[in-house]
Amino acid sequence: MSRPGFLLETDERTPELLVPAGPGVRMQRMPRGTEVLYPSEALDRVPDSLEAIDKALATPLGSAPLRTRLAGVRRLALVVTDSARPAPAMAGSDIRATVLERILELAATARVDEVTVLLANGLRRKMSGSELQQLTGERVHRSFFHDGKLFSHDATQTRSLTTLADGVSVNEAVGQADLVINLNVTGELGHTNGRQLTRGITGQQTAWAQLGLDPDPATEDRVLAEITSAVPVFAVDVVLSPGVWTGPLRFLSKREWEWQLQDRAAAAAVQRALTIAPRQTRRRLFAGATQDYGVLAVHAGGIAEVTGRTTELLSAQQSVEVVGQSDVLITGPASTTEHNVDAVMNPLVAAWDCLAHSFGSHAGTPAVRPGGVMICFAPLAQAFSARFDTAAADFFAEVLPETTDATVIRDRFEARFATDEWYRHQYATQGAHHGLHPLELWYAIQPAVRHCSDIIWVGADRAAAARLGFRAASTLADALEIASAQVGRTPRIRLLHTPPVRVQVTEATA
Amino acid sequence: MSGICRAGARGVTWYGTQRVPRGGAVLVSNHPTDHDARLLAGAVAGPILVIRQLGDRVGRSWGVRAMDFDHPGAQADLIVLALKRGLKVLTFPEQEPGPTLRRFHEYPAELAERARVPLVPVGIRGAYAAATDPDIRIRFGEPIPAGTPSTTTVAAHAAVMDLLAEDSTSWWQVQQVRARGEDPSEAVESGANWLRVWAQTAAPRLGHTPPTRRIWR
C-alpha cells in the first residue's frame, strides 16, 4: 500500500532536510514553521508488464485491437519517446524495447512490409547510435538502424517533412504511413500522447508555434486534429511510477526520518564528496545514475481515451492537497532533467527546472502567491556542453547581457536563432539541441518571472544569477533576509521536497 | 552494460539476459562445442546446475555429473527439488556437440513440467570454430511455460532455431519469415561438413535486407 503525499510543518526538532541542488543535494535546516510538501509514494505496479502490454494491445480503449488495425497496413510508422524521458534513465532494460518487440511481432504477423521507428525528439537533440540501442533494444536496433529505418526526427529537413495543412508539417515517415503507432512513455502530467506528436515529430515552424512566447493554446489542438485526420493513429501510453534511486544514492528516495544507518552514512559520504570534489566529479556522481521505474499501467487505443485514462492515473499518483498559497516557495533543480540528459546542467536548464517545471506543477493555482518570492538552490555554474548546448552558450553570452525581456528577445533575436545555418548544422548532424532550444527554456520561465516579485538563488554564481536577471545569496538565511522586503519577516514558507518526484498542488484556496 | 547486451569472457557477448526469469528455470541450449557450459557461466545470476547426457564431454573437467536422459533414476527427483527451490538447470538436449542444430531429447521438458518451471531457450553461435579471435554470441529467448514434454520440446527447438537465425540475420527478418510460415533455419542442405562449419561461423549481417547472392554460401 503506497503512502500518500503530505505536508509536514517543521519545528525545533526537525533535522536537516534534503533539498535538491542539481547536480547534487544539500542538507538544509528549515526555519520553524516551514511547510514541507512530500510527494506520494509510488502506486502499485502491474505484476506482469508483459501481460499488461499484451492486454492493452488486444483490448484497447475506443479502438479495434491492434492486430485488426494492422490488417492491410503496408507502411507502419512507430513514434517513440526519446531518451529525454524519463530522466534520469531507467535502470536495466528499457520498457520501450519490450513494447516495441510486442508491437512488431503483431506487425510481422500482419505481413507489414515497411516499418519505420522514429524518435520524437522535436527540437531537442538527436540520439546517438548507442542511445538508440539502449532505448529500443538490441533486437530492434539491429533490425532497423543500419537500413536507415530507425532514426531521430529532424525538424529542419524540409525535404523529409510532409505538409498536412497550412503551418502543419510532420516527418514524412508519419505523413505517408498507413498507420501510426505513438508509443508515449510518461510519468508526469503534461507529457501527453498527443503532445508527443504535435511537438516531437513536426517541422520547426509547427513545433515553435506551440513553444514560442505566449503561444495560442488552441494551436496544439489544431495541429493534433490535422495529424489525426490525415493519418490514423493508435496511441500507447506506458505510465511509469516515480523513479526510485538505486545503489548508493537510494537514500535520496527515502524520507529523512526513515533513513537506516547505511543511508545516513551514504548521505554523509555524498555530502562530503559534493563539498570537496571538483565540478566534473560532482557531475559524474549523478550523471550515470539510473532509477528504478515501475509500470503503473499500459493504456492503448484512441488518443483522447488513452490520454484521459493516463491523466486520471497520474493525478492520483502525484496530487498532494494543500490549503492556501505560501509567501515563499523553496525548490531546486533535479540532477538530471529532460534538457540535460548526459550533459552538464547549464544555468538556463536549472532556471527552467525550478521556474517552469517545479513552479508549473500545479492544478491551476501556483503554490506561491502572486508577488511572492521563489528561493532556488543551485550553483548556476556557467558551464555549457560543448556538444549539445551550442545555441544556449551563445544565448547566455550574447543575448542575456543585452536584455532579459522575453518580448525584446523575441523581436530582436528569435529569427537569428531560428535560421542560423551553424545551429541548424549542429542540430542536424552533431547531436546538438536546436537553435531555438534556449529560447524555448527562456520563454517557459516567464510565467514564474511575472508571478513572483523576486527570485533568489542560494549558493549560486553571482554573475550567472545577475545575467539571468535574478539575485544570489550565500545562505538560506540571507535569501530570506533579501526576500523580507517583499514578503515581510514572518512569511509563510513552503519547501517542495522534490527529489526525485514533482509534486502536484491541487488545492490552494485562501 | 545493461541487461540487454552484456560482455562475458573475452569474445563472448550475451544478449537478452533480462529475459531469464527469477527463480527456477530449465535452460535449453544448442550444443556446438564441449565448452558450452563455460560460455554460459556468469550469464545468469545465482547458482546454476549443469547436467549432461552420458557420453557428452561438456563440463566433464568441472566434475559435472552425467546422467542417462532415458533412465534418469533418483537424480531426477533431486533436480526437480532444486528447480522448485529456485535453482536454474542448464541442459544440452542435443546430447552431444555438433555444428548444426539437431533433434532435442524431451528430458529437459519433462524436468520443467515436473517442477512447473519455464524453459528458457538459448542459442550459441560462433563457438564451433572459435580459435584465436573468438566472436561468440549467446542469445536468450522468451521463457516457454511448462507443458506436455513433447509440445514444449518442439517449441524449445523452434525457439533455439529462431535465436540462431536471429543472430545470423536479424530479429525482424525471423519474425517475417515465421509469419509467412517458413522455416528460418540456417541449416545447410548439403551433408558436407565443411559447409556446415562455414554456415555456423558466418558473420551476422547487419540490418534486415536479404543478402545478395554469392558463389560461396
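**Close-up views of a predicted model**

**View 1. Helix H13 (residues 390-399) of chain A meets helix H17 (residues 437-444) of chain A, with axes that come within 7 Å and cross at roughly 55 degrees.** Axes here are lines fitted to C-alpha atoms, for helices over the stretch in contact, and angles run from 0 to 180 degrees between N-to-C directions. From H13(A) come A:Ala391, A:Ala392 and A:Phe395, and from H17(A) come A:Pro438, A:Leu439 and A:Trp442; contact means heavy atoms within 4.5 Å. Sorted by class, this contact has six nonpolar, no polar and no charged residues. Ala, Val, Leu, Ile, Met, Phe, Trp, Tyr, Cys and Pro count as nonpolar, Asp, Glu, Lys and Arg as charged, and the others, Gly among them, as polar. Helices (H or I, at least four residues) and strands (E, at least two) are DSSP runs, numbered from the N terminus.

Before moving on, a word on the model. It is predicted, so local features need pLDDT of at least 70 and side-chain atom pairs count only at pLDDT 80 or more, while totals for chains, interfaces and linings use all residues. Residues are numbered from 1 along each chain as its sequence is written, chains are lettered from A and ligands numbered from 1 in the order in which they are written, and side-chain values use heavy atoms, with hydrogens and water left out.

**View 2. Helix H12 (residues 347-358) of chain A also meets H17(A), with axes that come within 9 Å and cross at roughly 35 degrees.** H12(A) passes H17(A) in a left-handed crossing (left-handed if the near helix is turned anticlockwise from the far one by less than a right angle, right-handed if clockwise). Look for A:Leu348, A:Val349, A:Trp352 and A:Ala356 of H12(A) against A:Pro438, A:Leu441, A:Trp442 and A:Ala444 of H17(A). The tally is eight nonpolar, no polar and no charged residues.

**View 3. In chain B, helix H3 (residues 107-115) and helix H4 (residues 149-168) have axes that come within 8 Å and cross at roughly 120 degrees.** H3(B) and H4(B) are therefore oblique to each other, and H3(B) passes H4(B) in a right-handed crossing. B:Ala109, B:Glu110 and B:Glu113 in H3(B) touch B:Pro149, B:Thr152 and B:Thr153 in H4(B). Here the residues divide into two nonpolar, two polar and two charged.

View 4. The peptide bond from A:Arg85 to A:Pro86 is cis, with omega near -5 degrees. The bond from A:Ala87 to A:Pro88 is cis as well, with omega near -5 degrees.

**View 5. A:Asp214 sits in the loop between helix H7 (204-211) and helix H8 (218-230) of chain A.** Although A:Asp214 is not a glycine, its phi is positive, at about 50 degrees.

Technical notes
Parallel < 35°, antiparallel > 145°, perpendicular 65-115°, else oblique.
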